[in-house]
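Please examine the sequence and the structure shown below before reading on. The paragraphs that follow lead from one local feature to the next.

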Amino acid sequence: MVESFNALYLAIGKEEDAAIKSGGRTTPPNNNHIFFNFMAANTVVEPILVADLLRTLMGRYQDKLLRLGVVNVELKLVCRLREDTAPVALRLLASNPTGYVLRVDSYVEVREGARTIYRSIGGGRSGDLGGMDVNVPYSVTRPFEKQRQAALTASDTLYAYDFLELLERAVQLKWEEYAKLRPRSDVLRPRNVISVVELVVARKGTPLGIVEEGAAEQWAAKEEEEGGLELLEVSRPPGLNDVGMVAWKVTLFTPEYVEGRQLVLIANDITIQAGSFGTREDTVFALASRHARAHGLPRIYLAANSGARIGLADSVKAKFKVGWNKEDDPNGGFKYIYLTKEDYTELASAVKAEMAVDPATGEERYVIKDIIGLPSEKDLGVENLKGSGTIAGETSLAYNDVFTLTLVVGRTVGIGAYLVRLGHRTIQKSTNSPIILTGFQALNKLMGKAIYTSNDQLGGQMIMFPNGVSHTLVENHLEGIVAMLTWLSYVPSVRRGFLPIQDITGVDVVERAISFTPQKGIAYDPRHLVGGMTNELDGTWVSGFFDKNSFIETLAGWAKTVVVGRARLGGIPCGVIITETRTAEATTPADPADSSSQERNIQQAGGVWFPDSAYKTAQAIRDFNGEDLPLMIFSNWRGFSGGQRDMFDEVLKFGSMIVDALVAFAQPIFVYIPPHAELRGGAWVVVDPTIHSEVMEMYAATEARGGVLEPNGAAEIKFREKDYVATAHRLDRQLQGMDARMRELEGKEGGKERDAEVKALQKEIKERENALKGVYAQVAVQFADLHDTPGRMAAVGVIRQVVPWAQARSFFYWRLRRRLAEFHLRKEVFKAAGGKGGREGGMSLLQASVLLKSWYVSTPGKTAEGWEEDREVLGWMAEHRGIEERIQALARGRVAEEVANLAGESPQGAVEGLVHVMKALPAEHREALMAALKGGV
């Protein structure tokens, strides 16, 4: 292979030298093909081993292959596959069209009639040459090479259809990672990890075969308003789209969902009109998104576009004329734009015009008032903005209805940028993928000078990651797809479905103590508390609260005094919010457009909510709710920053948003105050479980604290100097003796001697008081601190229980499992009882829990005390068959009550309804109903 490279270097060098000598331009090498032919007719060869060797060589020399423009490496090997078989010609073709996924297709040459053809082997994907004659000429270029180059040139991104190949490779990498972490487990990987159908918009009634061939008639967006379009699931080759927006329904066979999980994937095709949003693109986007919402599927958007499409009517552009103020002097200005009579006759449908007669020539002119465009000229202006509004609203709905995630893989502009934000969860490629409203060239032109030098200054990683628009940064496209799959691994396959619980055998265990323990007065990285850490001295693992290596942080660049992310507890996915205890720095960059602006760095203390971190907390809670995740809040806040600047920056507004987000939450929430942490004042208020008692519970570690003020502040107000002086007089023996002596002196008659002794004694008392002030000030603080202990919190009922830190993992695992099971059952009870939304009417979720408890207590052998034992209740919920029967009885009772109420409102209507019911019932049920009616009359 190295000799082949050398030969190519020489050949390319000769061509470049010749071009330079002739004064021509050199072009980068491309579409080169290296062919190896080996004869080993008596050697037994395993094709898989040869393919692995070829992969190794391709990976080793990847940079050289790229520089030399080698797109294919082909190997022909005449060998035996077994000792008892005849020699065969084995062909392997290696290529990497996307730059991220190496393909090695394996074939054998077999006779089929009079022809020799390639037959795919290996059990994987069928190669492109499968079934073709071995004498077919080599293609000059690879399929879609033109589109790939166009995408690369336009925005350093990939052709939309190539992302499916990256997605397949990413799932394979996730399986490899899953197996690597479980070396002792026999991990069975599926043969195929992905299945894809394209979601294609077509006119209703269009035969599926025509759509599969890409031969359907072109439709218009307005047909959707009339109900004339539908979204079809089509299996067809890539590249048959005629719209700059493509969508697929993808089934992924992942470690969390071995049987498969589905998602809707939408992508801009940047090779069609620079990926701009026209009305047809908007229609495809909207229908695909609605399909995801209708089925509760995750909706993923790959963003690489140039915003709403801009167009002009070329038909009018080629014909219009100018009415000059002075016909022989254009510098004198013009009066109007017009069409001649002949041109107006041709373009009457494209414009609105008024007839005017030129006084100088008498010519009949049609002065253009509105340019509409011919029916064949689509997407010229505001209609594209209408479509943009449609998909903006659709994306907002999708965020509330399903899991939405945007992967920014190239420049995204205007409506594209708004779609990113409206979908909220965002992964941004760190290079050449700015999220902008207007390009830097347009802004420079607007301001009349070259202010900005690139779009990255407006919406690159240094802007969108620190401001919280981008949740995660990745280096390249494949990393982005892997990050997307990692995020999805925490999310149910359908909205409001069961959580994807992962087997942690060989990775971690549930029943273990937590090794990392915060120390009083020492700041620490909160990520170590939840995710654990590696000891830098000996390399050992120091475990945290959640499963090993399961914590994934998001929004790390924004509002650094709060850390948010996702983790697993015993394999159960959870949302995580934890306080940063160390001082963080918030940076506001200088704006090149403002010469007076400067970069500003603001120090933010740990353990305090600032405007940005309060907003981040609220945003994270909303995201977790949309992902159906339970939430674990590790609370260590002394309060909100209430200075003038922070009040002006709306800390009050964003703090209130935390409450709003908690009220809307539908999964279990645990608020836990870790060791040596404190929760005080307004910070306690916004996470108090009474905000949403149907889902929230609060706990505290043994060493935690909570109160209105810190002990120093409380003592300053409620245990002042006069109070601890009085305490000293009450407790100090010397002062007690002095006080007794003072009382004796006060009982005596006055005199110089007595007065002198009183004065001396007062001085002694004062000196003793001053000597004791320091220690009794500490006593006062300690006394105030004892009002903030977990014991008092539990005694007055503001927390549910004190949970020691070392046992917190085991406790919350079983508590979470119990709560998830309880939530599922109480939703069934709520539904059967005809709940109308909890607090607004019908049975509330809390009442459903009370009913479940009554069923538990009425079970033989069960007691009210047992309801507090999570493992006990969990076993009862899993094994007790009577629960389902009682839920069914509850539903029957509710239906019977509703029918009786309706009959009371309209007896005649009830009779007519029963007639309809009897017609719809099977014969045996009809007879039973007749018998029941006769028996009840």
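Is Lys319 buried, partly exposed or exposed? With a relative accessibility of 29%, Lys319 counts as partly exposed, because that class lies between the 20% limit for buried residues and the 50% limit for exposed ones. The model under discussion is a predicted one.

A nonpolar surface feature may be considered next. Phe320, Phe334 and Ile337 make up a nonpolar patch on the surface, and together they have about 270 Å² of accessible area. Of these residues, Phe334 is located in strand 12. Phe334 counts as exposed, its relative accessibility being 51%.

Strand 12 (residues 334–340) is paired with strand 14 (residues 364–371) in the antiparallel sense, over three bridges. Within this region, Tyr338 stands opposite Val367 of strand 14. Strand 14 also pairs with strand 13 (residues 351–357), again in the antiparallel sense, and here the pairing extends over seven bridges. Val357 has Glu364 in strand 14 as its bridge partner. Strand 13 and strand 14 form a hairpin with six residues between the strands, and in this hairpin Gly362 adopts a positive phi near 75°.

Most residues other than glycine have a negative phi. What is the relative accessible area of His424? The value is 11%, so His424 is buried, given that the limit for burial is under 20%. Asn432 likewise has a positive phi, of about 55°, without being a glycine. Asn432 is placed in the loop between strand 17 and strand 18 (435–436). At 40% relative accessibility, Asn432 counts as partly exposed.

Helix 12 itself (residues 415–423) contains several buried residues, namely Ile415, Gly416, Ala417, Leu419, Val420 and Gly423. One of them, Ile415, is touched by Ser388, which also touches Asp282 and Ala308 when residues up to four places away in sequence are not counted. Ser388 is part of helix 11 (residues 382–401). With a relative accessible area of 6%, Ser388 is buried.

Salt bridges may now be taken up again. Side chains of opposite charge can pair when their charged atoms come close. Across the model, the count comes to 61 salt bridges. Glu678 and Arg680 are joined by one of them, at 2.6 Å from N to O, and both residues are buried. Arg754 and Asp755 form another, in which the closest N and O atoms are 2.9 Å apart. Asp755 counts as partly exposed, with a relative accessibility of 42%. Salt bridges also link Glu697, Arg815, Arg818, Arg819, Glu822 and Asp870 in a network.

The cysteines form the last topic. A disulfide is a covalent bond between the sulfur atoms of two cysteines. How many disulfides does a search of the whole structure find? The search finds zero. Among the cysteines, Cys79 has a relative accessible area of 0% and is buried. Cys574 also counts as buried, at 4% relative accessibility.

Technical notes. Residues numbered from 1 in each chain as written. Predicted model: local features only at pLDDT ≥ 70, side-chain atom pairs only at ≥ 80, totals over all residues. Heavy atoms only, no water. Disulfide = S-S within 2.5 Å. Buried < 20%, exposed > 50% of the residue type's maximum accessible area, 1.4 Å probe, protein only. Helix = DSSP H or I, 4+ residues; strand = E, 2+ residues; numbered from the N terminus. Pairing = 2+ DSSP bridges. Patch = residues over 30% accessible without salt bridge, like charges linked within 9 Å, V, L, I, M, F, W, Y side chains within 5 Å. Areas by Shrake-Rupley, 256 points an atom, 1.4 Å probe, with all protein chains shown as cover. Salt bridge = Lys/Arg side-chain N within 4 Å of Asp/Glu carboxyl O. Contact = heavy atoms within 4.5 Å.
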